[in-house]
Amino acid sequence: MATLSPVTPNIDPLVARMQGFGTTVFAEMTALAVRTGAINLGQGFPDTDGPAKLLETAAEAIMNGANQYPPGPGLPELREAVAAQRAERYGLAYDPTGEVLVTVGATEAIAAAILSLVETGEEVVVFEPYYDSYAAIIALAGGVRRPVTLRPDAGRFTFDPAELRAAVTPRTRVLLLNSPHNPTGTVFTREELEVVAEVCREHDLVAVTDEVYEYLTYDDAPGGAHVPLATLPGMRERTVAISSAGKTFSVTGWKVGWITAPPRFVRAVQTVKQFLTFTASAPYQRAVAYALREEQEWVDGLRVSLRAKRDRLSDGLTAAGLTTFRPQGTYFAQADVRSLGFGDGRAFVGALHERAGIVAIPTQVFYDSGAGDPYVRFAFCKRDEVIDEAVERLRRL
């Protein structure tokens with residue numbers, strides 16, 4: 001009797017809509033830094049911890065039995081704290097029982113929002129450069145990206161209102177906005193946001209706003225602080241606002257995020273979210289609820305510290321011969337590498353690693369167009385001595 005050979009199915013294990021999405025650039029660059037001992041100014045995570053009482057509250061919650069599934073929408077005390085924060089800081093009233101949903105970080109919140117709101121073939125307007133998960137999740141939803149390019153103007157990155165309006169078609173469903181903006185460091189002005197709001201209202205778009213850097217704006221940000229899109233006329237009822245604890249309290253590994261939105265959007269997002277993770281992070285949720293209520297002074301100190309770090313690194317990049325854009329918010333500074341004779345960010349990042357032992361991110365990976373080719377993103381959320389060592393190494397260029 002003949003023996004049949006096993007047949008290997010002719011099936012690509014990666015679905016077509018995810019072709020082209022390999023390992024994220026952040027994972028690649030961090031692995032390179034770990035493997036070679038380079039200074040990691042690529043991935044945006046701080047190298048110090050958040051407030052001591054926040055950490056103690058999480059440890060106490062673990063030791064006191066808060067280790068099982070929390071409710072699917074999130075712990076009531078965290079939802080109440082989020083609602084209170086939006087009301088006190090921005091004057092936005094949300095019902096914690098039906099208009100706040102806790103997620104596994106902002107990344108899951110964005111994913112669940114796009115998956116719940118975008119049908120196959122519908123379009124999402126997004127400002128480029130964009131955080132890489134945006135492109136991946138739009139592809140997973142079967143959606144189509146409609147990028148609007150942010151370009152340098154008067155020392156910051158901004159958009160052309162005409163290009164934004166031209167990006168919208170009858171197939172557009174969602175406008176995805178990130179402010180303060182990663183990776184450019186731009187904090188959108190009220191005037192810029194009014195253009196965005198007008199486009200959303202005119203075309204009946206849902207706005208999904210990534211506001212994870214909401215507290216991290218610096219002294220030269222227009223207006224001095226973050227303005228949520230939902231505070232503009234007619235926008236609360238059409239906005240899914242997203243934030244998280246990771247950047248605010250320097251606990252990026254905890255992955256505690258949330259959305260605030262009208263009930264119909266919360267129900268839609270939760271319908272998807274429940275089949276992604278259902279729920280997570282019970283002790284961390286409890287600790288974050290405490291921090292939102294009690295640790296504002298610590299956050300104010302973090303902002304002051306990061307402003308000084310921003311200046312420390314920006315001055316060093318400029319002294320090394322790079323054209324530097326001093327950010328108005330976030331963890332990141334952009335540099336134009338053409339001033340050192342490079343036309344391509346990837347080539348510069350390779351040379352930077354080889355010649356100076358520093359890892360950074362070529363900003364072009366966050367673009368659909370070639371507009372980002374000459375830019376490189378540097379993270380300054382590091383200890384002063386790490387930044388100083390990086391600046392000293394930059395002199396080798």
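Modeller: One definition first. Ala, Val, Leu, Ile, Met, Phe, Trp, Tyr, Cys and Pro count as nonpolar, Asp, Glu, Lys and Arg as charged, and the others, Gly among them, as polar. Keep in mind that this is a predicted model.

Biologist: Which residues lie nearest the centre of the largest cavity?

Modeller: Val102, Thr103, Val104, Ala280 and Gln285 do, out of a lining of 14 residues. Now apply the opening definition. The lining of the largest cavity holds six nonpolar, six polar and two charged residues.

Biologist: Pockets next. What is the volume of the second largest pocket?

Modeller: The second largest pocket holds about 170 Å³ of space. Its lining has 13 residues, and Gln85, Glu88, Tyr215, Leu292 and Arg293 lie nearest the centre. By class, the lining of this pocket has seven nonpolar, two polar and four charged residues.

Biologist: Which helix gives the most to the lining of the second largest pocket?

Modeller: Helix 3 does, with five residues. Helix 3 (76–90), helix 9 (282–294) and helix 10 (296–319) each supply at least two residues of that lining.

Biologist: On to helix 12. Which of its residues are buried?

Modeller: Buried means under 20% relative accessible area. In helix 12, residues 384–394, the buried ones are Val386, Ile387, Ala390, Val391, Arg393 and Leu394. These residues cover an arc of only 160° around the axis, so they sit on the same side of helix 12.

Biologist: What covers the buried residues of helix 12?

Modeller: The cover includes strand 1 (39–40), helix 10, helix 11 (345–356) and strand 13 (358–359).

Biologist: Now the rings. How many aromatic pairs does a search of the whole structure find?

Modeller: Again, the idea first. A pair of aromatic rings is described by the distance of the centres and the angle of the planes. The search finds 14 aromatic pairs. Take Phe127 and Phe188. Their rings are 5.6 Å apart, centre to centre, with 45° between the planes, and the pair is tilted.

Biologist: Which parts of the chain does the pair of Phe127 and Phe188 tie together?

Modeller: Phe127 lies in strand 3 (residues 123–128), and Phe188 in the loop between strand 7 (172–178) and helix 7 (190–203), so the pair links parts that are 61 residues apart in sequence. Phe127 is buried, at a relative accessible area of 2%. Phe188 is buried too, at 1%. Compare Tyr331 and Phe332. Their ring centres are 6.0 Å apart and their planes stand at 70°, so this pair is edge-to-face. Both Tyr331 and Phe332 are buried.

Biologist: Which residues form one aromatic cluster with Phe127?

Modeller: Phe159 and Phe188 do.

Biologist: Let us end with a single residue. Is Ala167 buried or exposed?

Modeller: Ala167 is buried, with a relative accessible area of 5%. You will find Ala167 in helix 6, residues 161–167.

Biologist: Which residues does Ala167 touch, not counting those up to four places away in sequence?

Modeller: Ala167 touches Glu123, Val125, Arg146, Val148 and Thr172 on that count. Look at Pro147 as well. Ala167 and Pro147 are 20 residues apart along the chain, and 7.3 Å separates their C-alpha atoms.

Technical notes. Residues are numbered from 1 along each chain as its sequence is written. This is a predicted model: local features need pLDDT of at least 70, side-chain atom pairs count only at pLDDT 80 or more; totals for chains, interfaces and linings use all residues. Side-chain values use heavy atoms; hydrogens and water are left out. On a 1 Å grid over the protein atoms alone, a cavity is a set of points where a 1.4 Å probe fits but cannot get out, and a pocket is an open set with protein on both sides within 12 Å along at least five of seven lines; lining residues have an atom within 4 Å of a point. Grid points are joined across faces, edges and corners, and a volume is the space filled by probe spheres set on the points. Helices (H or I, at least four residues) and strands (E, at least two) are DSSP runs, numbered from the N terminus. Buried means under 20% relative accessible area, exposed over 50%, partly exposed in between (1.4 Å probe, protein chains only). The arc is that of the directions from the helix axis to the C-beta atoms. Contact means heavy atoms within 4.5 Å. Rings of Phe, Tyr and Trp (its six-membered ring) pair if their centres lie within 6.5 Å; planes under 30 degrees apart count as stacked, over 60 as edge-to-face and the rest as tilted.
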